[in-house]
Amino acid sequence: KKVLDIQEIRKEFPVLDQEVNGKPLAYFDNAATTQKPLQVIQALEDYYKGYNANIHRGIHTLAERATKAFEETRVVLHQFLNSKEKEEIIFTKGTTDSINLVASSFGRRFINEGDEIIVSGLEHHSNIVPWQILAEDKKATIKVIPVLDNGELDYEAFEKLISKRTKMVAVNHASNSLGTINDLPRIIKAAHQVGAKVLVDGAQATAHIALDVQSLDCDFYAISAHKFYGPTGAGALYGKRELLEEMPPYQSGGEMIKDVSFSGTTFNDIPYKFEAGTPNIADIVALKEAVNFVNRLGKENIASHEMNLLKYAVEGLSTIKDLKLVGTAAEKVSVQSFIIDGVHHFDIGQMLDARGVAVRTGHHCTQPLMESFGIEGTVRASFAVYNTVSEIDSMIEGLGRIVKFMK
Ligand code: PMP
């Protein structure tokens, strides 16, 4: 383990070096999207200035360079997630797109009337709504794993929910609203015992938790590049080869076919079967640099810095009058939600912004979770590798003043 030089790392993120409303920016909205280091920005520029071309079919030099760079990202992600084969990595627009791919394609082939799909009460809307649409289509049923008061899943309740009727269990690795890290080995083992498949929404885990899809033994794993220092609109789905091969195409058109004729069309092999149309080449090329960035710093070192920040923030937040922490699970990523009695979360967010502190407020695309806590929303501070203790001091000082002013 290595102690990271945060001031040096901050130099790689030009966007951080600015004032917002006359105060130094403290960016704590990393669970929504992280900022991008120079090497990611540079990769985008290099691509557009040097070798922009459409991939796979081109015979000319630029097309070959673009194809090579694009396919290199696949290899890098295959290593990053430790999939067995690189063909098990499908490029998508991100987590939402990856989950929709599975709900629509796996769902079309394998979910039937009377089947059950289990999601957790911690899920982001993007891991709820695709399953609801599928369930309605197929006359299947959705069951929900309840959430305990501290933000952990009720595993005993889960083990009672699961049955031979369960075909899919869709859960996140870490919760975007509360930060809870779920006990995936326990969930996956129980699911596999009844023959159900497991999709993991990895959006909030990728930047913080070491990943190994083979040892996890999940069936699908969905990620977004922009949550771990990469560009928006680029991400991936990992799926086990035997499942991906059985699944019908998701979208259709160019690239996903072998031969097209009006008497019948044959589909391409994986991963291309699931990559119809011209993909987001530039951002996928730059995604590789996000992985390189995380690997250079070391996820362990990143997580260790973030856990120090989280602990420091929780101590500071606990000194604020009438502030209640929401989400206090034992195992968390660096996300802390809170509410303050008698002050609306929007007002807190706005007043913090006036002091240069960027937090997120609202339901964080987890309305069912908020409902189960009997609240409308929270203020959420989420930390990344470039955040500092002094930025947290600004937030805590600001909150102290806000509470004084509002009451
Ligand atoms: N799941 C979780 C847990 C998330 O935090 C997010 C992004 N807020 C998503 C899914 C959706 O990711 P994207 O918008 O990149 O598709």
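Reply: Gln39, Val40, Ala43, Leu44, Tyr47 and Tyr48 of helix 2 meet Ala282, Val285, Ala286, Glu289, Ala290, Asn292 and Phe293 of helix 10. Contact here means C-beta atoms, placed from the backbone, within 7 Å. Helices (H or I, at least four residues) and strands (E, at least two) are DSSP runs, numbered from the N terminus.

Me: How do the residues of the contact of helix 2 with helix 10 divide?
Reply: Into 10 nonpolar, two polar and one charged. Ala, Val, Leu, Ile, Met, Phe, Trp, Tyr, Cys and Pro count as nonpolar, Asp, Glu, Lys and Arg as charged, and the others, Gly among them, as polar.

Me: Before more of that, what sort of model is it, and how is it numbered?
Reply: It is a predicted model: local features need pLDDT of at least 70 and side-chain atom pairs count only at pLDDT 80 or more, while totals for chains, interfaces and linings use all residues. Residues are numbered from 1 along each chain as its sequence is written.

Me: Back to helix 2 and helix 10. At what angle do they pack?
Reply: About 150 degrees between helix 2 (residues 38-51) and helix 10 (residues 281-297), with the axes 8 Å apart. That makes helix 2 roughly antiparallel to helix 10. Axes are lines fitted to C-alpha atoms, for helices over the stretch in contact, and angles run from 0 to 180 degrees between N-to-C directions. Under 35 degrees counts as roughly parallel, over 145 as roughly antiparallel, 65 to 115 as roughly perpendicular and the rest as oblique.

Me: Left- or right-handed crossing for helix 2 and helix 10?
Reply: Right-handed. A crossing is left-handed if the near helix is turned anticlockwise from the far one by less than a right angle, and right-handed if clockwise.

Me: And helix 3 with helix 10, how do their axes cross?
Reply: At roughly 40 degrees, with the axes of helix 3 (residues 61-81) and helix 10 coming within 8 Å. Helix 3 and helix 10 are therefore oblique to each other. Their crossing is left-handed.

Me: Which residues meet there?
Reply: From helix 3, Ala66, Ala69, Phe70, Glu72, Thr73, Val76, Leu77 and Phe80; from helix 10, Ile281, Ile284, Val285, Leu287, Lys288 and Val291. They divide into 11 nonpolar, one polar and two charged.

Me: What about helix 4 and helix 5, what angle there?
Reply: About 15 degrees for helix 4 (residues 95-110) and helix 5 (residues 129-138), axes 9 Å apart. Helix 4 is thus roughly parallel to helix 5. Ile99, Asn100, Ala103 and Gly107 of helix 4 meet Pro130, Trp131, Leu134 and Lys138 of helix 5.

Me: Which residues does a cis peptide bond join?
Reply: Ile270 and Pro271, with omega about 5 degrees. Pro271 is in the loop between strand 12 (264-267) and helix 10.

Me: Where is Lys139?
Reply: In the loop between helix 5 and strand 6 (141-145). Phi of Lys139 is near 55 degrees, a positive value in a residue other than glycine.

Conventions: Contact = placed C-beta atoms within 7 Å.
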